[in-house]
Amino acid sequence: MLKMGRSRALLAVLAASAAGTASAVSASASRAAGKPTLIVYSAQGYDKAVVQAFIKATGIPTKLDDNSTGPLLTQIEASKNNPNWGLLWVDGDTAFAGLDQQHLLLRGYEPMVNWTPLAKSLLPKDKSYTPTGLTAMAAVVYDSTKVSSPPSTWQQLLSPKWKGAVGMNDPSQSGPTYPFIAGMMNYLGGVAKGKQYFAKLKANGLVVNPTNGPTLQALTSGQIKLALVQSSAGVGAALGDKSLRVKYLSPATLLPGCIGIDAKAPKAEQQEAERFIQFVLSKAGQRAMQSGDPTGDSLYYPVIRGIAPLKGLPPLSSVKTQRLNPYAWGGREAAINSWFDSSIK
Amino acid sequence: MSLSSPSAGAGSAVLPGPRSRARLGRPSLGGVLQLGFWAVLLLIILLPCLAFLVLAVSPRLFEQGSSYFTLHYITGVFTGQTAVAIGNSLWVSAVASMIGVAVGFPVAWLTSRTDLPGRGLITAAMWLVLLLPSWLPSLGWVRLVQLDGVMYRVGLHLPFVTHAVLGPAGVVLVLGIRNVPFAYLAISTALAGMGQEFEDAARVHGASRLGSIRVVAPIIAPAIWSAAAIGFAEAVSDFGVAATLAYQANFQLGTYQLYTAINNFPPSFPVAASMAWLLVASVGIPLGLQARALRGRSYAVLSGRSRQVVRRRLGVRSRLLGWSAIGLFFLVALGVPAFGAISGSLLADYGGSFSLSTANYSAVLSSSVLVAPVIRSLFYGVITATVTVALGYVAARHLTRSRTRATRFLDFLLLAAVAIPSVIFAAGYIMAYNLPILSRVGIDLYQTVGLLIIAYAASSLPTNTRILVGSVSQLQASLRDAARVHGAGPVRAWLRGIAPLMSRPLIYAWLLTFTAVFLELPISQLLYAPSQPPVSVAIEDNLSNYHFGLGTAQSVVAVALALAVVVCVLGAYRLLAPRGWRQVGAGR
């Protein structure tokens with residue numbers, strides 16, 4: 001019995017090793033045959049649905065590395081002398097600008113689609129990445145049974161009325177929060193003025209939670225009255241809890257979900273990646289995006305004409321939006337996050 | 001008593017005979033295996049760790065900076081918030097390690113040497129404490145004592161409790177509790193191997209019950225020191241508590257600072273590597289103390305003449321006292337995290353109200369997308385645990401032999417590897433095994449199941465070895481020699497002479513690795529094969545995409561499954577192992 005047990009374990013180990021080697025060999029073989037497996041690195045809640053729909057529509061073998069944005073970028077940076085990814089799909093264009101500045105993204109590709117004017121303003125000049133949807137950062141979420149007159153400007157958050165009542169995410173843990181902080185700095189006239197604003201917000205009792213989930217939890221449990229979170233998270237929470245409302249303050253910073261292609265991937269894989277992007281922005285792709293995570297990331301504003309956002313999303317037209325220059329603000333992320341970590345949190 | 005015996009360990013007592021001399025000209029099987037063992041260690045632990053650590057001084061080698069040599073990042077670690085965080089990590093880990101031994105030792109003694117009822121239950125509960133990811137108890141504590149938490153909702157307005165738990169004291173408490181099972185397992189396996197004769201000798205010479213414990217405790221010093229060292233290293237490398245309870249308390253620990261260095265964009269690997277250097281160096285403290293305490297002594301007490309333990313009969317009062325203390329420990333260690341996880345999984349609206357729903361469990365159990373990662377992780381856990389226990393036993397044998405440069409190096413390497421945070425370990429794996437030169441010769445290991453399992457095994461091996469070293473140090477060479485003298489080959493001699501005595505520690509070590517791998521996150525996140533996510537990645541995916549209830553329900557299901565595996569394995573051992581194997585250390 002014991003000998004058999006050991007033999008089986010050994011066989012299983014060998015099988016696992018063989019599986020690993022086999023997958024490595026098969027990947028190499030398929031690359032050599034001109035039909036590489038497309039590797040998609042994604043942090044989007046609807047990515048599984050889109051990848052399945054893409055495989056079904058095109059037959060292109062596709063594998064998904066579904067992770068948070070942080071680990072995906074860590075993987076890309078750690079493996080940049082021998083990258084393994086084909087596509088990166090996450091929220092926020094500052095990271096893409098950073099990758100582009102390191103020459104890690106394929107330039108010059110733009111899908112053939114009918115962009116909305118807002119989306120057109122987000123396209124990078126060198127066409128190194130493609131926006132696939134928009135969210136706003138930050139949306140103000142509040143409980144309408146407890147708050148009858150929510151604030152209408154960012155400055156009002158500093159008033160005694162909201163002392164100890166405002167909560168936001170930590171940029172070192174929540175990817176979409178840096179664009180919000182940078183957006184406020186951009187709106188207020190620079191980094192120094194932005195820092196002053198957040199220092200005043202802190203003096204007024206700002207509560208910092210790690211990510212959207214805990215900030216919304218602090219709101220529903222009554223610890224805070226106003227939650228500054230990503231619009232998709234706020235609207236998703238409001239769909240589940242009918243007393244919650246979502247409001248945008250002017251200006252709302254646009255946070256595009258973007259896709260970029262690995263500059264070092266084999267040509268055939270890059271072509272498959274281009275087909276993937278084209279598919280994502282097709283009607284079938286948009287259907288998959290909107291059905292994949294209906295109470296989370298699917299609550300985005302489409303970037304192509306003729307596609308309506310899901311019900312429950314407040315219209316963006318009622319509020320002034322701003323677009324951050326990702327190339328200017330991307331390089332400041334580490335320094336501003338460190339400042340937030342030491343001075344505001 | 002053989003405490004001052006010149007025999008330094010199991011493998012050094014047999015002098016080479018004529019046959020051995022005749023073989024000197026060609027490499028022996030043992031020599032080849034030993035060489036293979038060292039090669040495996042160098043490849044799976046040293047190479048990836050070095051690859052990452054070299055980054056601290058030579059970022060350009062891995063395209064992570066412009067300098068081929070710089071001390072800029074190393075010196076930077078000793079300033080500002082980073083220095084404070086590292087200092088916090090060191091003292092917190094030292095106290096947590098002491099708590100682990102202070103609680104683990106008496107519990108191990110009670111279950112190994114007395115007739116306290118429910119001993120099996122205690123062991124099972126210890127396993128449960130061990131297999132909980134460290135963020136779960138932290139989350140439970142936060143939900144319990146935060147300003148709008150359960151404590152206040154039920155009318156207990158105790159701000160000083162909130163202040164204490166959401167601060168350094170709470171961090172030390174949670175990490176200390178986490179260390180208890182390590183100490184318990186290491187010490188109870190060592191106690192199982194220590195025959196009755198030592199206590200009898202002490203009692204015959206007039207020692208009281210407490211006095212006899214004082215006399216025999218030094219005999220299991222290797223296990224106690226191992227428990228303390230591993231507790232320190234585990235605490236210093238922990239990220240779950242650093243990112244939850246310590247974060248909420250605004251009490252920064254080294255691993256969190258390291259995480260922010262990697263999680264920023266662009267990530268600063270050289271800064272993270274410099275901090276990892278410091279964490280690795282810090283394990284020199286417990287190792288140095290351990291070496292100083294154990295120098296020149298032998299702890300080989302388990303032989304063919306070891307007497308079966310006679311369990312001490314406890315009176316009603318002692319039983320009540322023992323169970324009250326142990327019950328309180330488990331209430332804190334298991335009750336709080338269970339509350340955190342289960343309450344989170346039963347609430348459908350971000351935990352804001354107390355309206356309960358089983359919708360999250362229904363979703364988890366009815367979706368193949370949610371179930372497949374659980375099955376995958378079960379498979380990964382079984383393979384990894386089997387490989388790791390084999391390697392861990394060999395490593396433990398090396399460590400208990402006479403101290404040479406090689407064993408000292410092995411000792412440091414294994415403990416230093418415990419102190420390296422998993423995220424660093426995984427990044428090191430990418431850098432070491434994703435080199436362009438490997439791809440050019442057709443070896444693409446990065447993001448394959450094979451490399452993931454190797455990394456799991458490498459990260460588990462140090463802890464596994466530490467758990468086994470206490471028991472292996474008790475084995476006398478005479479056990480194997482006796483079988484060899486009677487004509488048994490090396491394998492048969494091991495099976496007849498050693499396996500009966502080591503079966504229980506090996507089973508425990510297997511379970512320890514299995515449970516650790518089953519819910520492991522940082523390595524899984526960076527190395528998993530695309531489209532084949534392990535359960536921890538799937539849970540994290542739900543948590544980060546606002547599906548908090550679904551993620552916590554999946555965690556509860558996963559923990560329940562892991563516990564079921566523990567129960568099945570221990571049950572199978574009880575049913576299938578020969579009676580003699582189970583009687584070692586079982587007592588009468």
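Chain A of this predicted model is divided into domain 1, made of residues 36-135 and 256-313, and domain 2, made of residues 136-254 and 318-343. Between the C-alpha centres of domain 1 of chain A and domain 2 of chain A there are 26 Å, and the contact joining these domains takes 21 residues from domain 1 and 21 residues from domain 2. Chain A also meets chain B, with 59 residues of chain A in contact with 57 residues of chain B.

**Domain 1 against domain 2 in chain A**

- On the side of domain 1 of chain A that touches domain 2 of chain A, the elements giving two or more residues are helix H3 (69-78), helix H4 (94-101) and strand E4 (129-137) of chain A.
- H4(A) gives the most to this side of domain 1, namely four residues.
- Sorted by class, the residues on this side of domain 1 of chain A comprise eight nonpolar, 10 polar and three charged.

**Chain A against chain B**

- The side of chain A that touches chain B draws at least two residues from each of helix H1 (2-32), strand E2 (62-66), H3, H4, helix H8 (212-220), helix H9 (231-240) and helix H13 (333-343) of chain A.
- Within this side of chain A, H1(A) provides the largest share, with 12 residues.
- The side of chain A that touches chain B contains 18 nonpolar, 29 polar and 12 charged residues.

Notes
Residues numbered from 1 in each chain as written. Chains lettered and ligands numbered in written order. Predicted model: local features only at pLDDT ≥ 70, side-chain atom pairs only at ≥ 80, totals over all residues. Domains from an automatic or database assignment. Contact = placed C-beta atoms within 7 Å. Nonpolar A, V, L, I, M, F, W, Y, C, P; charged D, E, K, R; others polar.
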